[in-house]
Each structure stands twice: as C-alpha cells, then as structure tokens.
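Biologist: I am new to this structure and would like a close look at a single part, the place where two of the chains meet. Could you take me through that part step by step?

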Amino acid sequence: MTGETEAIIVYVSLSLILGVYIYNRLHLLLELRSKNKDETDEV
Amino acid sequence: MAQSILAQVSDISVQRGVNNVLERASASVSQGEIVAVIGENGSGKSTLIESFAGIIPLREGKVEWTHGSEKIVVRDSEGRRNPPPPMGLTLQNNAICGDETVSERLSVALSVSGIAIENQRISELLNCWGIGHRSSERISNLSGGLARRLAILCGLAPAVMSEIPRLVLLDEPSEGLDESSTKILKGWIKALSGRGHGILIATHDQEISSCADRIITIAKNSLQTSTGTSNGDPIDIPSSGSTSRRNPVASLVRWSFKTEIRNPVDSVGRATPAIVAILLSYALVGNIDLESHDSNLLAALVLAPGFIVSVSSPAIVSRLEESDSGLWWNAIVGPMARPAYSITAASIFLPIPVSYVSWMIMSTAIDSETSMEVLKWLWVPSLALLDLAIASTALHIMVADLSRSSAAPASLLLVVLVWPFLELTEALSFIIDNGMTFGMSIDDPIPTCLIASLISALVWLTAVIIPEY
Amino acid sequence: MRDVSHAVVPLITVGIIGTIVTAILGFFWAPAVDSNSWNAPEAYRIIYWHVPFAWVSFLAFAILFLGSIFWYAKRSDFGWVMVTIGSEMGLLFGLGVVISGPIWGAAEWGVPWDWGDVRLNTYALLTAVALFLVMSMRSQPDGEETRDTLAAIGLFGFILVPITAMATTIWRNRHPGVIIIETEETGMDSEIRLVLFLGAISLMVLFAGLVSLNYELHSLRKQISDKESKIDEESMQ
C-alpha cells in the first residue's frame with residue numbers, strides 16, 4: 001500500500017472544503033455589493 | 001432634611017443588543033424616596049433597574065450602594081463586581097422557578113436578605129396579598145396573576161421585614177395585577193417609603209407613577225428628572241422581623257437541592273443515558289473475554305457511564321432560564337453565582353454508584369480476587385469524576401449566558417474533558433492489572449487521579465473566572 | 001474602515017493558483033521518499049498541504065486570540081471583527097489539519113489518532129472551539145452581551161492550549177511510540193522544502209485574500225445596516 005489513494009482523498013476533500021467556502025463567500029460579496037449600491041441609490 | 005443615598009448609578013453607558021440604551025446616565029435613590037422611571041417601550045426602564053441591581057455589564061460608569069457607612073461598588077466598567085447589600089427585587093418576568101412552593105419562594109427571598117421569620121409570619125405576609133391559601137402549592141400551578149402577586153411580595157418583603165432602610169427595585173410591578181392588587185401595591189409602596197426604605201419603580205402605569213416623589217424620564221438614551229405628585233396613602237403592613245447572618249450562596253445551594261428533590265429531572269436526565277450505556281456495553285461485549293484483553297478497554301467501559309453522567313447538561317440551566325430566575329439569583333449572589341452554580345448543579349451523587357453498577361455488570365468474567373480489589377478501590381477514580389462533573393457544569397453555564405443558548409452546541413467545548421477521562425481510565429486499568437498501590441510515581445493510580453482532577457480544576461477555573469472579568 | 005475591496009479578488013486568485021500549483025508539483029514533481037523507511041511512501045505528499053494549512057490556521061487562531069483580548073479589554077469593534085474572522089478562518093483551516101492529519105496517520109502508521117500528539121490534539125481542540133464560535137455567531141443575536149460571552153469562550157479556548165499540551169505530554173510519557181506527524185524540519189530534500197515553501201506562501205496569500213474578503217463583507221453589512229436605519233427613519237417622518 002503506497003498511500004496514493006489517501007493522498008488523493010486529502011487533496012480532493014480539502015479542495016472541496018476550500019472551494020465551497022470561497023464560492024459561497026464571493027457569491028455573498030457580489031450580492032452585498034449590489035445591495036449596497038441599490039440602498040445608496042434609494043437614500 | 002437630606003436623606004442619605006441608598007444607591008446611585010454614575011455616568012453609566014449600557015448597550016443592549018446593538019443599541020446604546022443609556023449614555024452617561026446618572027441617577028440615585030435616597031432613603032424614604034419613591035422614584036418612578038417612565039419612558040416608551042424599549043427606552044431603557046428595565047435596563048436602569050437591572051443596572052442598579054448590578055446584573056448588566058457597563059460600558060462606562062459605576063453603580064454604588066451604601067450599606068451603613070460603607071460604600072460598595074456593585075459594578076463598574078472596569079470589571080469590578082460585588083454583591084449588593086440586602087435588597088428587594090422584582091423583575092419584569094417573575095423570576096420564580098415552577099418547582100418551588102409559594103411559601104418556599106417567599107422564605108428564600110427573605111433568607112437571602114438575612115431575614116429569619118417563622119412560618120406564621122410567612123403566612124401573614126401571603127395573606128396580605130390573598131395567596132395564603134396557596135402557600136404549599138407549587139408555583140407552576142398558580143395562575144399568571146397569582147404568580148405575579150407572589151413575585152411582587154418577594155420584592156417588597158425584604159424591606160417590610162427589615163428595620164434598616166433597604167432599596168426595593170420593581171420592574172413593571174403592576175403588569176399582570178388586577179385593580180385591587182394594584183391598590184395594595186401602591187399602599188405598600190407608600191408605607192415602605194414612610195419607614196425610610198427607598199423604592200425605584202420602572203412603570204408605564206400612571207396609577208403607580210402618581211405615588212412617586214420624583215420621576216425619571218428616559219428618552220433618547222438620557223435621563224431627565226422632574227418632581228412627582230406623591231399621591232396615595234400608606235396602608236398597614238406587617239411589622240419588621242429579626243435578622244440573621246446572611247449567606248446568599250448557602251441559600252442558592254439549598255434552593256438548588258430542594259428543587260431537584262421535588263423534581264429530580266437532573267438526576268433522571270443524567271442517569272438514563274448512563275444506564276443505557278451500561279446495558280449497551282454489556283450487550284456489545286457479551287462474547288469478548290475481557291480478562292484476556294487489555295484492561296484499558298474494560299476500564300473505559302466501566303467509567304464511560306460515569307463520564308456520561310458527569311458531562312450531561314445540568315437541569316439548573318433550564319431552571320435558571322425559567323422566567324429569568326437566573327437573573328434574580330445573579331443579582332442577589334453577585335460574582336460568586338457562577339462558581340456556586342457549577343458546584344451545586346454538578347452531578348455529585350451519581351458518578352460513584354453508577355461506576356460501581358457498571359463494574360458489577362461488566363466484570364462477570366473477571367476473577368473474584370481482582371474484582372474484590374477493584375470494588376474496594378473503584379471509588380478513587382470515580383471520586384475524581386466529580387471534579388470532571390463540576391468542570392463540565394461550569395462549561396454548560398458559560399454557554400448558557402448566550403441569549404439563545406439552546407441553539408449553541410455546548411458539547412464542542414466539552415471535548416477538553418476527554419483528557420481527564422483518559423487519565424482516570426489509566427488509573428482504573430492499573431488497579432485492575434496490579435491492584436491498588438499508594439506510590440506517587442506518574443504511573444500510579446493516585447497521582448494519575450490527581451492529574452485528572454487538576455486538569456478538571458483548571459478547566460473549571462477558566463470557565464468561571466474569564467466570564468466574570 | 002479601511003477599503004480592502006480592491007485586494008480581495010487578486011489575492012484570492014493568486015492564492016488559489018499557487019495552492020493548485022503546489023498540489024500539482026507535490027504530486028508529480030516532488031521527489032519520492034524511500035519506500036523502505038516509509039510504510040505509505042506516496043501518502044507523504046499530503047505534507048504539502050497539511051503543513052501549510054497548520055501554519056495558516058495557527059495565524060487564524062492567533063487573530064482570534066488577539067481579537068478576544070481586544071474586545072475584552074476595550075470592547076473594540078475592530079477586536080470583534082478579528083474574533084469573527086479569526087474563528088471562521090480557524091475553523092476552515094483547522095478542519096483541513098484535522099482531516100489531513102488522521103488520514104495520513106492511518107496510511108503511514110495505521111493509527112488515525114494519537115492522544116500523545118500535542119499538535120494534533122491542540123488543533124482539534126481549537127477547531128472545536130472555532131466551530132462553536134462560528135455556529136454561535138450565526139445563531140445568537142448580535143450585541144454586547146453575546147460578544148462578551150463569545151470572546152470569553154475564545155479566551156477559554158486559548159487557555160486550554162497549555163492545559164491540553166500538559167495533558168497530552170503526560171499521556172505521551174505513559175504511551176510512547178506512535179507519533180502521527182514526524183518533525184518535517186529534519187533532513188528534508190531541497191525540492192521538498194521548495195514545494196513546501198510554495199505551499200506555505202500560496203496559502204498565506206489565500207488567507208490574506210479571505211481575511212480581506214471577510215473584512216469587506218463585514219464593512220458592507222455595516223454600511224447596508226446604517227442605510228436601512230436611515231431609510232427607516234425617513235419613512236417614519
């Protein structure tokens with residue numbers, strides 16, 4: 001057993017965790033920027 | 001003639017949620033004075049009352065009470081905190097636990113103020129408010145109106161029974177009261193004022209605020225004072241009683257035991273998963289010859305139910321959350337409340353018997369000599385489980401400070417208690433393999449148990465000191 | 001508040017690219033280790049993310065700790081922002097450590113968890129505290145009292161570190177033998193060191209990008225909240 005599978009599992013799972021988090025946060029950032037712009041126009 | 005000040009708040013700033021409720025506010029209450037605090041909903045009336053009681057952390061300023069010739073800083077923005085002198089306190093929620101009886105509740109309110117009176121006088125007080133016939137009933141069986149009368153009486157009685165001028169804090173006392181009770185309330189307030197006690201009332205009821213000598217209006221985070229109309233006449237109230245040495249912590253301990261004996265939800269709540277664990281362990285290891293296995297496994301299975309009992313959430317958390325009961329005790333006991341809760345509410349009686357039951361069930365395949373030796377000394381590691389239980393309770397209570405504590409996963413913080421448990425497993429494993437010894441090397445059972453206790457004690461210390469700073 | 005919005009996307013992009021390149025180099029370019037002295041020689045490649053994750057999460061926990069102190073000592077809003085960002089980043093990268101560590105341990109030593117490993121235990125403990133804080137921040141109403149309690153729990157987590165280290169050391173004295181992660185600093189190939197260094201830099205850049213991102217989210221939320229309050233006031237007049 002060389003451990004290659006375990007290494008792949010680690011990289012895939014950490015990539016998923018990072019990827020989901022970054023996507024989620026960037027999406028929220030765009031949403032809030034747009035909302036902030038709308039609120040500024042309203043005020 | 002200027003009356004001496006009983007308590008004052010100086011330049012206090014308080015934030016509730018994200019709002020600044022009070023900014024650099026100052027107010028005082030003197031002997032014999034009735035002060036009404038009025039303002040719109042959410043303006044900060046309750047906040048002012050709770051600030052006087054020392055319950056709320058301050059951004060700025062300080063709260064001082066006078067006790068005899070001494071000035072006590074009850075709270076300040078630097079983190080200093082001391083319990084206030086004996087006082088009367090009725091919060092907006094009744095702050096009474098449903099498991100208490102009516103007379104017990106009144107006795108507690110008096111005993112924390114250092115008033116010792118006979119049952120006859122308790123009945124006299126209850127009869128004045130038309131709840132004497134319910135004295136031995138549980139509070140949970142009372143209607144809202146009767147419970148409110150009791151809560152008000154508990155706030156007024158420490159002053160009624162005291163010869164020394166006391167401060168009475170009442171938050172929306174007439175809410176939930178009928179008309180006749182409101183008249184009695186007004187009459188008692190006037191009578192207490194006549195005896196030199198100071199009364200601070202947060203109210204939107206004009207009937208009550210009309211009896212005030214001074215009015216504090218809260219608007220836009222600041223206080224404005226005006227003269228009150230001092231309407232109303234005093235009515236006859238019972239005479240004062242005798243004082244005894246006051247020990248709020250002892251009262252809290254007694255209250256905690258009494259409520260648990262009456263409704264042993266804590267004991268049952270902890271014992272049930274422990275018994276399930278014992279039965280499950282027995283069922284799952286049934287065919288394994290434990291004697292030939294590493295004794296660590298057996299030791300862990302034997303102590304696991306005791307561990308479960310120790311780390312389960314204590315019932316006191318929900319008792320204290322019941323109608324702000326915890327706020328009331330917090331005000332009365334002061335900074336010692338947290339350590340007192342953590343020790344009182346910990347499972348002190350269950351871990352040792354549970355560990356013995358667990359051993360007796362799990363050890364059927366073990367030779368009798370080893371079994372006798374373990375039975376003789378199992379209490380040593382089980383005793384150390386009590387320290388673990390106290391640390392766990394302190395952690396639960398720390399989490400309970402959050403306003404939606406049921407939505408917070410307290411168990412995550414309990415992970416640290418795995419280490420004391422592992423140490424105790426080591427100790428028991430040693431006793432199983434080698435019998436009990438009294439050596440003091442790191443592998444011997446007694447130092448191992450002491451290490452487990454030390455870790456638990458450090459966790460406890462951290463969990464009770466940091467939040468109070 | 002400082003305007004960090006322009007730095008967010010570039011930092012995150014560079015960080016992601018660097019992290020991916022590290023993984024590729026780690027798998028395909030970094031040298032193999034001696035299969036006689038390693039039980040699972042290919043599993044060692046986990047090191048190129050495991051160690052940088054550990055360093056970055058250490059930074060995150062340090063931010064959490066300092067933020068808790070600032071909030072506690074001065075009720076500083078900036079301190080509170082540090083607590084929120086530190087706990088979120090600590091959870092994210094701490095999870096990476098406690099996932100990769102045991103998987104590597106299981107592959108190399110057949111033991112996923114060693115109660116005698118100080119680092120793994122303290123990272124697990126701090127990650128648990130960070131998870132508690134993140135979940136509580138989402139479930140509890142914001143306010144001074146909530147912040148006081150959560151900052152206290154943040155500090156509590158830190159005082160547990162030496163307690164945990166002591167407990168783990170005592171345990172290890174009794175159970176010497178299995179160590180999950182060998183010290184990476186001894187006898188390393190220059191190529192291994194290079195990829196490790198690239199991984200560390202990339203993750204730090206990504207970390208900086210994520211901190212800026214969260215800081216901007218915090219600023220935006222505050223601006224939106226202020227504007228909404230203004231609109232509320234104007235609509236009542």
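Modeller: A salt bridge, as the term is used here, is a side-chain nitrogen of Lys or Arg within 4 Å of a carboxyl oxygen of Asp or Glu. In this model, which is predicted, the side chains of B:Arg16 and C:Glu145 meet in such a salt bridge, with 3.7 Å from N to O, and the pair counts because that distance is within 4 Å. Across the interface of chain C and chain B the rule finds two salt bridges, and there are also two residue pairs in polar contact, both at pLDDT 80 or more.

On the side of chain C that touches chain B, helix H2 (47-74), helix H4 (118-139) and helix H5 (144-174) each supply at least two residues, and among the contributors H5(C) gives the most, with 20 residues. Sorted by class, that side of chain C has 22 nonpolar, 10 polar and six charged residues.

Taken as a whole, the contact draws 38 residues from chain C and 43 residues from chain B, and the area buried between chain C and chain B is about 3500 Å², of which carbon and sulfur atoms give 70%. Within chain C, the residues that lose the most area to chain B are C:Glu144, C:Phe156 and C:Arg174, which together make up 19% of what that side buries.

Technical notes. Residues are numbered from 1 along each chain as its sequence is written. Chains are lettered from A and ligands numbered from 1 in the order in which they are written. Side-chain values use heavy atoms; hydrogens and water are left out. Contact means heavy atoms within 4.5 Å. Buried area is the accessible area (1.4 Å probe) that two parts lose on being put together, summed over both. A polar contact is a pair of N or O atoms within 3.5 Å; within protein, one must be able to donate a hydrogen and the other to accept it, and residues adjacent in sequence count only if both atoms are side-chain atoms. Helices (H or I, at least four residues) and strands (E, at least two) are DSSP runs, numbered from the N terminus. Ala, Val, Leu, Ile, Met, Phe, Trp, Tyr, Cys and Pro count as nonpolar, Asp, Glu, Lys and Arg as charged, and the others, Gly among them, as polar.
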